[in-house]
Structures are given as C-alpha cells and as structure tokens.
Amino acid sequence: MKLELSQEQIAMVNAVKEFCQKEFKPELALEMDKKEEFPLDIYKKAAKLGFTSMSFPQEYGGGGCGLLETCLVIEEMCRADSSFGVAVSSGNFGSEFISTLGTKEQKEKYLPPICKGEFLSSAAFTEPNVSGSDITKMETTATKYGNEWWINGTKTFITNATIADFVVALTQTDTKIRPTYRGETLFVVDKGTAGMETSKLHNKMGIRCSITGEVLFNNVKVTDANIVGELNKGFYSSMEFFDKTRVGVAAQAVGMAQGAWEIAFKYAKQREAFGQPLLQHELIGCGLADGMIKIEAARWMTYRAAWLVDAGKMDPMITAMAKAYAARVAMEVTDFAIQTLGGYGYLGEYRVERFHRDAKITEIYEGTSEVQKLTVLKYLLRKF
Ligand SMILES: Cc1cc2nc3c(=O)[nH]c(=O)nc-3n(C[C@H](O)[C@H](O)[C@H](O)COP(=O)(O)OP(=O)(O)OC[C@H]3O[C@@H](n4cnc5c(N)ncnc54)[C@H](O)[C@@H]3O)c2cc1C
C-alpha cells in the first residue's frame, strides 16, 4: 500500500474542495438544514462533475475509480459541510447493488441516470419491529404467484425514501427456511409502482439535508427481472455491500471531524482570554493537537480499509475498526470544537454544534458501533 495519495488523487481532492467552496455556502446549508431539504441542484452539479459516481463503471458513465477515491470525495464534502456532504454523497445510496450485482438490463436502465445525477436511489433493510442491527429475518415478504412476486411490508429509516427514483429492498422470499437469512432476496422497485408509498420522517437530530423516511409495500407486484443478484442470497449480498459502504461512513466521520477541527483551530488562534490566544492555553492547544492525532489515525484506518477493498482483499474487521474508531473520533473532536468556541460554539451560525449533531449518525447507521465491535471480536477470535 502506498502511504501517500497519488498526484491524480490530490488533484481530485482539490477539485472537490473548489466545488464545495463554490456550492456549499454556509448560510444556504444552515437554512436548508433547518428546513430539512435535500440539496438537489448541488447533487446534480456534483454528479455532472463525476463526484457522485467515482467508483461506478465507465461504460455506464461512472469514473471507474475505486472506493478510496469515493472516500476522498465523501471526506472532503463532509469537511466542507456535514449535512450537505452526507446528503450529496448519499444521493445514490443503494445503486452499488446494481453496479456490482445487477443484470445487463438493470445496469443499462439505472446506472446512466444515476451517474448523470438524474436519478436518486435508496436501499431498504431496516423495519419497524425487529430488523435494524439484526437483518437475519425480514418481516417484509415477497411471495411468488405465477410470474409475479408480491411484496408486502414496511421499511423505516430509509435514506432518500421520498425522493428516490428506485429502491433496492431486502425481503423474505422463503419464510420456512432456517436459518432465516438463507431465504432473503433483494428486489429493485421503481418509484410510482402501484402499492408502494413513501413518507418523510421529521425532526432528526442531525444530517437534516439528507431525507429519511418510510417505504410501505402493499401488494407491490414485480417479476424475476426485479431480483438483484441471486434469489435467496440477499443477506450475503447485503453483508458485502455494508463491508464497503461502512468505509464510506468512516470517511464521513473523518471529514466531519476535520471540518469542525479547522473551525476550532482558526478560532483558537484569534480569540484571546487572559491576555493570550486560546491556543496558547495548554488545555485548548493540546486538546486540538490531540484531536488532530486522532483524526489522522482515523483517516489512515479508513484509507487502509478502502485500499484493501480496491485491492480485492476486503477485510470486514479492518472496515469495522475504521468505522467504529472514526465515528468515535468524530464525536470527540466535534464536541471539543464546541468547547473551544465556548458560548459561540453553542450557536448554530458557528457551525460546530451542527457538525457534532451530524456526527452522531456515524455511530448508528450502517451498523452501530456496538455491531462493529462485535465484528472485530468475531475476527479476533478467529485469529488468536
Ligand atoms: C438518519 C438515518 C438514516 C438511515 N438510513 C438507512 C437506510 O438508508 N436504509 C436502512 O435500511 N436503514 C437505515 N437506517 C437505519 C439504521 O441502519 C439502523 O437504525 C441501525 O442499523 C440500528 O438499528 P436499530 O435502530 O433498529 O437499533 P437496534 O438494532 O434496535 O439497536 C439498538 C441498540 O442496541 C444495540 N445492539 C443491538 N444488538 C446488539 C448486540 N448484539 N450487542 C450489543 N448491542 C446491541 C445497538 O448497537 C443499539 O445501540 C438509518 C437510520 C438513521 C437514523
């Protein structure tokens, strides 16, 4: 593994930085975050520049790069603004299923508009009753009648639920098999399909520009052509999907920590107390140095996890370590950023309180930190 980024990667990061400086206006972000609005125009502009489809195949309009490049974009966007960053970089969440497992027809239908930013997508696993951390059994069922599959059930906490053009949903196709996860299948369902309804969840703690909602399936009729990957292999496909996308969440956390840290560091150099800049007070100065040590460690754990995926050596333990650690660092560093700004840190317009509220989600979605630690433990037991 190379221990520094290539010239191309650095140039790409600079291009994203320039884009964010132009488009991620702090006042606009504050206003849209308050209104819980998705920044559709910015998403489309980012897509046109290729920033939302770095790792999608070139033949369908993607960048043909790896997960590391995707993570670099996510990190930079979340550094610039945690709410816009998450919303824009997650606009096509779930499309990776089509990219890696889809049939030729599915790829031709969904990937070009996804890469151009004309489509948004979502991936639905979580359900109101049991399935959150535990996705080994789905209450949402897909039952075959003749040539049709009828889907019934409710998915909740779904990113992009009300704005997605299609959803990839995990369902139970075999209700008798044990263990139950051997009977789960992924289906892609288009927006507007009869029987599918969506609604928005409001008043989230953070990432309010990212839309979260429910998806209801009431006798939604699809066919074999809607199956993504193999019948009854949806659980395994989902696990592989998370092993990759979790690295992206780690990148979100690194970016958020870095963004809040930079605001705090700049402030601590200028603001004086007891006759000298805050930075000269040991508790603040060393606190900020400590924060950067942790950010740097989290960053390289994240890059390593991404690099392993790109090298075809995906390691679920390394991914889990990176996500759990980066998420904790994001919580600690954004908290210290508020503390550094004192009372001003508590005000919305200084932005660090939002970085902190937004950072919390990285400890929850795509596998909570507890779940990551259980994964780490599982692999440690195999090794030692
Ligand atoms: C903003 C947002 C966006 C989301 N986007 C999506 C999405 O796009 N698609 C989707 O399908 N889902 C999405 N989710 C759902 C998210 O993935 C789940 O909330 C998460 O996986 C946790 O599941 P849960 O909420 O059911 O918590 P639970 O699984 O009920 O867990 C509750 C608590 O118990 C702990 N716990 C659970 N099991 C164990 C165990 N074995 N040992 C120790 N502790 C344990 C958990 O760590 C957690 O602290 C989103 C959630 C949010 C808030």
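Trainee: In which loop of this model is Pro 179 found?
Mentor: The model is a predicted one, and the peptide bond leading from Arg 178 to Pro 179 is cis in it, with omega near -10°. Most peptide bonds are trans. As for its place in the chain, Pro 179 is found in the loop between strand E4 (166–172) and strand E5 (184–190).

Trainee: Staying with strand E4, is Thr 171 buried or exposed?
Mentor: Thr 171 has its place in strand E4, and its C-alpha lies 22 Å from that of Lys 109, a residue 62 positions apart from Thr 171 in sequence. Because buried means under 20% relative accessible area, and Thr 171 has a relative accessible area of 0%, the answer is that Thr 171 is buried.

Trainee: Turning to the ligand, which strand gives the largest share of the shell around the ligand?
Mentor: Three elements each supply at least two residues of that shell, namely strand E1 (121–124), strand E3 (148–159) and helix H12 (369–383). The shell as a whole holds 20 residues, with Thr 126, Ser 133, Phe 157, Thr 368 and Glu 370 as the closest. The largest share, three residues, comes from E3.

Trainee: How many residues of the shell around the ligand are charged?
Mentor: Sorted by class, the shell around the ligand contains eleven nonpolar residues and six polar ones. The remaining class, the charged residues, is represented in the shell by three.

Trainee: Where is Asn 219 placed, and is Asn 219 buried or partly exposed?
Mentor: Most residues other than glycine have a negative phi. Asn 219, by contrast, has a positive phi, near 50°, and its place is in strand E7 (residues 212–222).

Trainee: What is the relative accessible area of Glu 366?
Mentor: Glu 366 also has a positive phi, about 55°, although it is not a glycine. The place of Glu 366 is in the loop between helix H11 (352–359) and H12. Glu 366 is buried, because its relative accessible area is 15%.

Trainee: How far apart in space are Tyr 346 and Thr 368, C-alpha to C-alpha?
Mentor: Tyr 346 is found in the loop between helix H10 (316–341) and H11, and at 71% relative accessibility Tyr 346 counts as exposed. Thr 368, for its part, is among the closest residues to the ligand. Tyr 346 and Thr 368 are 22 residues apart in sequence, and in space their C-alpha atoms are apart by 27 Å.

Trainee: What distance separates the C-alpha atoms of Ala 289 and Glu 127?
Mentor: Ala 289 has its place in helix H9 (residues 282–310), where Ala 289 is partly exposed, with a relative accessible area of 40%. Along the chain, Ala 289 and Glu 127 are 162 residues apart, and the separation of their C-alpha atoms is 42 Å.

Technical notes
Residues numbered from 1 in each chain as written. Predicted model: local features only at pLDDT ≥ 70, side-chain atom pairs only at ≥ 80, totals over all residues. Heavy atoms only, no water. Near = heavy atom within 4 Å. Helix = DSSP H or I, 4+ residues; strand = E, 2+ residues; numbered from the N terminus. Nonpolar A, V, L, I, M, F, W, Y, C, P; charged D, E, K, R; others polar. Buried < 20%, exposed > 50% of the residue type's maximum accessible area, 1.4 Å probe, protein only.
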